[in-house]
Amino acid sequence: YISHLKHLPMHLTKSLFVDFMDYPKLARRKANNPTVYKKIRKIETEEQEDHIMAIGQAVEDVAKTYLEQRYQTEVLDLMPRRHKLKDEESDDDDEVFVKAELDLPTALADTINAIRDHVPVLYQPTFQYGECLVRADFMVRNWSSYDLYEAKAKSGIRKDITDDGEKKPLWSIESKFIHDVSFQSYVINHSLAAHDLGQLWSVFFVYLNKEYIKNGDLNINALIRPDQAGRINSLEVIQRNKPTTLEINDSLLSDGELELKINQMKNYITLTEDEANRQFLRAGTRYLEYFGEDKPFGTVMGMGIHHSNASYVQDLFY
């Protein structure tokens with residue numbers, strides 16, 4: 001394991017931010033040692049990683065069809081291309097181009113040009129603000145601005161709430177999903193502002209409807225469920241045999257909150273392991289299977305911590 005991050009990652013991405021907001025030490029693993037990070041995430045083989053990516057791509061493909069049908073237009077594919085680079089470490093003259101690198105300047109320029117051209121639906125637009133980099137799933141033209149659509153290979157994004165004796169997925173959107181679109185919105189809006197373009201209008205998730213049963217041709221509108229974030233609503237439920245009104249808060253993080261957390265993340269992932277353990281101590285983890293106290297690295301939340309009493313160690317971050 002690399003005990004000290006030699007340099008900050010080239011870009012701070014939404015996946016790194018979501019991991020940091022979930023478990024700071026998980027994000028540090030991702031930045032320092034991707035191999036260990038994949039083990040924590042239970043991605044043991046390249047085939048498993050390919051399978052996860054294939055599932056996500058399949059849902060994006062269905063979401064693409066859903067948006068094309070809904071808005072009666074073709075989606076512009078802005079998926080960033082890659083160009084080959086010379087491998088400076090190779091002595092083989094026959095292997096001049098063996099590495100591939102994201103053609104970021106082209107991806108950024110193509111995105112801004114498409115927005116200026118008022119293209120109705122964008123797929124995989126790319127945005128950068130400072131060190132933060134975002135590649136969104138979809139953006140849909142809405143009057144003078146755009147809506148952000150985040151596709152999830154999930155059958156739900158909301159927490160359960162008890163209503164008339166039954167648990168129903170109607171409560172607030174899970175925090176990790178709010179963190180995801182909050183980071184995206186922050187980067188996208190600042191990038192748009194830098195080019196004198198309008199801000200995002202609304203933010204939506206699209207995911208699979210687990211109640212859908214295919215009967216004949218595939219019904220995309222029944223298969224995909226849209227769900228708006230960034231709002232505060234009320235919900236009428238029956239609890240303890242009495243009608244109750246609950247507030248559902250799906251607000252995104254503010255710019256101030258995001259900037260604070262991004263700076264914390266940036267500083268944290270560059271600490272030495274000893275410094276990191278002193279700052280963010282925590283015992284216990286659902287990843288105990290891979291990094292238990294009898295394993296070389298301790299737990300993902302408290303790597304290097306040798307106290308078996310969970311109450312002894314406090315989480316200084318939360």
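This note walks through the structure in numbered points.

1. The model is predicted, and for that reason local features need pLDDT of at least 70 and side-chain atom pairs count only at pLDDT 80 or more, while totals for chains, interfaces and linings use all residues. Residues are numbered from 1 along each chain as its sequence is written, and side-chain values use heavy atoms, with hydrogens and water left out.

2. On the overall make-up, the chain holds ten helices and 15 strands, where helices (H or I, at least four residues) and strands (E, at least two) are DSSP runs, numbered from the N terminus. Of the 318 residues in the chain, 41% are buried; here buried means under 20% relative accessible area, exposed means over 50%, and partly exposed covers what is in between, with a 1.4 Å probe and protein chains only. Among contacts (heavy atoms within 4.5 Å) between residues at least 6 apart in sequence, 60% join residues at least 24 apart.

3. Helix H1 deserves a careful look, because seven of its nine residues are buried and the helix is therefore largely enclosed by the rest of the structure. The buried residues of H1 are Lys14, Leu16, Phe17, Val18, Asp19, Phe20 and Met21. Not counting residues up to four places away in sequence, Lys14 touches Leu133, Glu150, Asp180, Phe183 and Gln184.

4. Next come the aromatic rings. A pair of aromatic rings is described by the distance of the centres and the angle of the planes. Rings of Phe, Tyr and Trp (its six-membered ring) pair if their centres lie within 6.5 Å, and planes under 30 degrees apart count as stacked, over 60 as edge-to-face and the rest as tilted. By this rule the count comes to six aromatic pairs. In one of them, the rings of Phe20 and Tyr268 have centres 6.1 Å apart and planes at 50°, so the pair is tilted. Phe20 lies in helix H1 (residues 14–22) and Tyr268 in helix H8 (residues 255–268), so this pair ties together parts that are 248 residues apart in sequence. Both Phe20 and Tyr268 are buried.

5. Phe177 and Phe205 form another aromatic pair, which is edge-to-face, with 6.1 Å centre to centre and 65° between the planes. Since Phe177 lies in helix H6 (residues 175–194) and Phe205 in strand S12 (residues 203–208), the pair ties together parts that are 28 residues apart in sequence. Phe177 counts as buried at 6% relative accessibility, and Phe205 counts as buried at 0%.

6. Val206 is also found in strand S12, and is buried, with a relative accessible area of 1%. Leaving aside its neighbours within four places in sequence, Val206 is in contact with Ala63, Tyr66, Tyr149, Glu150, Ala151, Lys152, Ile224, Arg225 and Pro226. The C-alpha atoms of Val206 and Gln228 are separated by 8.8 Å, with the two residues 22 residues apart along the chain.

7. A ring can also lie under a charge: the charged end of Lys64 sits over the ring of Tyr123, 5.9 Å from its centre. The rule here asks that NZ of Lys or CZ of Arg is within 6 Å of the ring centre and within 35 degrees of the ring normal.

8. Two loop residues have a backbone angle worth checking. Trp143, in the loop between strand S8 (138–142) and strand S9 (145–151), has a positive phi of about 55° although it is not a glycine, and Trp143 is exposed, with a relative accessible area of 80%. Asn241, in the loop between strand S14 (232–239) and strand S15 (242–249), has a phi near 65°, a positive value in a residue other than glycine, and Asn241 counts as exposed at 74% relative accessibility.

9. A further loop residue is Pro120, found between helix H5 (104–116) and strand S5 (121–123), and partly exposed with a relative accessible area of 37%. Not counting residues up to four places away in sequence, Pro120 touches Thr73, Met139, Val140, Arg141 and Tyr146.
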